[in-house]
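Here are some notes on side-chain packing and pockets, set down as numbered points for your review.

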Amino acid sequence: MIFGYVNDSLEATTNIEILSPTGDSRTIEVVIDTGFSDYLTLPPSLIAEFDLRFQDTVLVTLADGSDVELGTFDVTIAWDGESRQVGALQADTTPLIGMRLLENHRLRMDIVEDGSVTIEAIT
C-alpha cells in the first residue's frame, strides 16, 4: 500500500522513488492527476540528473486544450514495493503520476488539507 496526503492546494500527493541504472535513487513528491492518462511526468532537471534514456517525442493535449510535443523517457521507479520501468514525459512542471500508473489500484482520498491518500493494489 502507498500512502500520501492532500496538500494545502487540495492536491493529492505521494512519494515515489526514482532508481538509476547506477544504483542511485531519489525520493520525490508527485501530484496525483486523474486527468492525466499516462504514467508519469518529470522535469528536465530530474531527467538530466538520472541520465534517463530518450525514447520518442509525442503530441500531448494539455488540460487547457493546447497541444505540445513532449519527449518520452524510460525510468525505473519503486512502486508499491517493486521496481517498475515506466515511461515518463518531460514536462517543466510539478512531477505528476497519472491513471496508467494507477491502473489496477484503488485510490482513496480525504479531500481536506492534510487529508489521507491511500493507493492499494486491487487483487
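1. In this predicted model, the lining of the largest pocket draws at least two residues from each of β5 and β6. That pocket has a volume of about 370 Å³, and among its 16 lining residues Phe36, Val60, Thr61, Leu62 and Ala63 lie nearest the centre. Sorted by class, the lining consists of nine nonpolar, five polar and two charged residues.

2. The second largest pocket holds about 160 Å³ of space, and strand β6 makes the greatest contribution to its lining, with three residues. The lining includes Leu52, Arg53, Asp74, Val75, Thr76 and Gln85, and by class it divides into five nonpolar, three polar and three charged residues.

3. The largest nonpolar core has 25 residues, of which Leu40, Leu42, Val75, Ile77, Trp79 and Ile97 touch the most other members; its largest share, four residues, is supplied by strand β6 (residues 67-79).

4. Val75 deserves a separate entry. Apart from neighbours within four places in sequence, its contacts are Ile18, Leu40, Leu42, Leu52, Arg84, Gln85, Val86 and Ala88.

5. The count of aromatic pairs comes to one. The ring centres of Phe54 and Phe73 are 5.5 Å apart and the planes stand at 75°, so the pair is edge-to-face. Because Phe54 belongs to strand β5 (residues 53-61) and Phe73 to strand β6, the pair ties together parts that are 19 residues apart in sequence. Phe54 counts as partly exposed, at 47% relative accessibility, whereas Phe73 is buried, with a relative accessible area of 9%.

Definitions and conventions. Residues are numbered from 1 along each chain as its sequence is written. This is a predicted model: local features need pLDDT of at least 70, side-chain atom pairs count only at pLDDT 80 or more; totals for chains, interfaces and linings use all residues. Side-chain values use heavy atoms; hydrogens and water are left out. A nonpolar core is a set of buried Ala, Val, Leu, Ile, Met, Phe, Trp, Tyr and Cys residues joined through side-chain atoms within 4.5 Å. Buried means under 20% relative accessible area, exposed over 50%, partly exposed in between (1.4 Å probe, protein chains only). Contact means heavy atoms within 4.5 Å. Rings of Phe, Tyr and Trp (its six-membered ring) pair if their centres lie within 6.5 Å; planes under 30 degrees apart count as stacked, over 60 as edge-to-face and the rest as tilted. On a 1 Å grid over the protein atoms alone, a cavity is a set of points where a 1.4 Å probe fits but cannot get out, and a pocket is an open set with protein on both sides within 12 Å along at least five of seven lines; lining residues have an atom within 4 Å of a point. Grid points are joined across faces, edges and corners, and a volume is the space filled by probe spheres set on the points. Ala, Val, Leu, Ile, Met, Phe, Trp, Tyr, Cys and Pro count as nonpolar, Asp, Glu, Lys and Arg as charged, and the others, Gly among them, as polar.
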